[in-house]
Amino acid sequence: MLQKSKAVATSRTFDGKYTLTGLMRCPQCGAAMVASRTVNKLKDGTTVVRRYYSCANFKSKGSSVCRANSVRADYAESFVYQRIKEVINNEQTLKDIISTMNQQRKGNTAPLQEELKHIEQKVDSIEGKREKYFILFEEELVDRETLANRLDELKAERERLLARKSEIEWELGNDNSRLVDYEYVRAILGQLDQILGKAPTEQIKSLLHLVIKQISVKNRKIETIELNFDENTQKHFLGSAPSDEESEGAFAVSKQKPTLYKFSLII
């Protein structure tokens with residue numbers, strides 16, 4: 001994980017609609033953190049309302065299950081908005097995050113590629129062995145029964161190898177092994193950043209829930225934000241639309257859409 005610079009307060013004003021409800025995770029039990037607030041009256045009679053995100057298990061089942069582990073809502077919402085803005089505006093930061101992730105993916109696929117190569121060599125050798133036994137049979141060095149038994153053994157081994165080959169090829173073609181494209185991520189986050197700067201709170205809430213998979217918390221502070229990229233996020237942010245009003249955030253960034261695939265990115 002890259003060292004993140006401390007996110008500063010953003011000028012964006014949140015109006016108490018709890019845009020991160022359900023996204024933050026309790027550091028103690030892992031439950032979603034939900035809306036909570038306190039109402040205090042100061043000595044001068046002024047009423048102060050403070051918003052928090054608190055553990056859902058604590059709120060519904062009490063202290064026997066978990067603690068509140070509350071996080072100030074104003075801080076959390078500003079931090080998330082500012083962190084997304086920071087990542088998209090700092091080209092090197094985003095490139096470093098994606099590079100680290102791609103290095104991990106390469107490390108995961110290397111053993112599979114080596115195994116695939118070994119399987120292909122063994123399949124080729126089986127074909128050679130089959131031909132060898134046919135020659136031995138023609139030269140009457142092995143009888144028909146021996147030939148049939150050996151061919152059955154080679155066939156079973158070949159089928160086992162091909163089955164494993166199919167498994168590996170599926171794993172290598174799976175989204176978890178594909179390298180993440182910087183421009184693809186930047187395009188989606190760029191559109192999100194534009195919308196967050198002008199959208200009403202309810203739309204901000206739906207967009208954040210579309211893009212953010214979960215937010216981890218430690219010591220009442222946000223530790224990491226896990227972004228979710230899938231078919232829905234791509235269609236919403238990279239889909240063609242006749243106008244901003246009709247698309248509600250879907251922008252056409254190119255005439256040729258990238259291939260749909262799914263992955264998560266931690267910022």
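Which residue takes a positive phi in the hairpin of β5 and β6? I began my notes there, keeping in mind that the model is predicted.

**Entry 1: the hairpin and positive phi values**

I looked up the hairpin of β5 and β6, which has 2 residues between the strands, and found that Asn219 takes the positive phi, near 55 degrees. Asn219 lies in the loop between β5 (212–218) and β6, and with a relative accessible area of 65% I noted Asn219 as exposed. I then turned to Glu140, which is not a glycine either but has a positive phi of about 60 degrees. Glu140 is found in the loop between α3 (91–138) and α4 (144–173), and at a relative accessible area of 71% Glu140 is exposed.

**Entry 2: the sheet that contains the hairpin**

I followed β5 and β6 into their sheet, an open one of 4 strands in the order β1-β5-β6-β7, with mixed pairing. Because β1 (24–25) and β7 (263–266) stand at the edges with a single partner strand each, one side of each is left without a neighbour in the sheet. Between β5 and β6, which run antiparallel, I noted 6 bridges, and I found Val217 standing opposite Ile222 in β6. On to β7: strand β6 (residues 221–229) is joined to β7 by 4 bridges, and these two strands also run antiparallel. Within that pairing, Leu227 has Leu265 of β7 as its bridge partner, while Phe229 has Phe263 of β7. I also checked how covered β6 is, and 7 of its 9 residues are buried.

Glu226 forms a salt bridge with Lys213, and the closest N and O atoms are 3.8 Å apart. Glu226 is in strand β6 and Lys213 in strand β5, 13 residues apart. Glu226 counts as buried at 14% relative accessibility, whereas Lys213, at 48%, counts as partly exposed.

What lies across β6 and β7? I found α5 there, running at about 110 degrees to β6. The helix has 15 residues and reaches 21 Å from its first C-alpha to its last, close to the 21 Å expected. Since 12 of these 15 residues are buried, α5 is largely enclosed by the rest of the structure; among the buried ones I listed Tyr182, Val185, Leu189, Gln191 and Asp193.

I then looked for the largest nonpolar core, which has 50 residues, and the ones with the most contacts inside it are Leu20, Met24, Val185, Leu189, Ile215, Ile225 and Phe229. Helix α5 (residues 182–196) gives the most to this core, with 9 residues. I also recorded a second, separate core of 8 residues, including Leu116, Ile126, Leu161 and Ile168.

I counted 10 salt bridges in the structure. In one of them the side chains of Asp193 and Lys85 meet at 3.5 Å, N to O. Asp193 lies in helix α5 and Lys85 in helix α2 (residues 73–89), so this pair ties together parts that are 108 residues apart in sequence. Asp193 is buried, with a relative accessible area of 13%, whereas Lys85 is partly exposed at 28%.

A further pair, Arg164 and Glu115, meets at 2.9 Å, N to O. With Arg164 in helix α4 and Glu115 in helix α3, the pair ties together parts that are 49 residues apart in sequence. Both partners are partly exposed, Arg164 with a relative accessible area of 25% and Glu115 with 28%.

I checked Asp181, which lies in the loop between α4 and α5 and counts as partly exposed at 39% relative accessibility. The C-alpha atoms of Asp181 and Ser99 are separated by 9.4 Å, although the two residues are 82 apart along the chain.

**Entry 3: the 3-stranded sheet**

Finally I looked up the open sheet of 3 strands, ordered β2-β3-β4 with antiparallel pairing. Here β2 (33–41) and β4 (71–72) stand at the edges with a single partner strand each, so one side of each is left without a neighbour in the sheet. Strand β3 (residues 47–55) is joined to β4 by 2 bridges, and Tyr53 has Val71 as its bridge partner in β4. I also noted a network of salt bridges that links Arg51, Asp74 and Glu77.

How values were computed
Residues numbered from 1 in each chain as written. Predicted model: local features only at pLDDT ≥ 70, side-chain atom pairs only at ≥ 80, totals over all residues. Heavy atoms only, no water. Core = buried A, V, L, I, M, F, W, Y, C linked by side-chain atoms within 4.5 Å. Buried < 20%, exposed > 50% of the residue type's maximum accessible area, 1.4 Å probe, protein only. Pairing = 2+ DSSP bridges. Contact = heavy atoms within 4.5 Å. Axes fitted to C-alpha atoms, helices over the stretch in contact; angles between N-to-C directions. Expected span 1.5 Å × (residues − 1). Salt bridge = Lys/Arg side-chain N within 4 Å of Asp/Glu carboxyl O.
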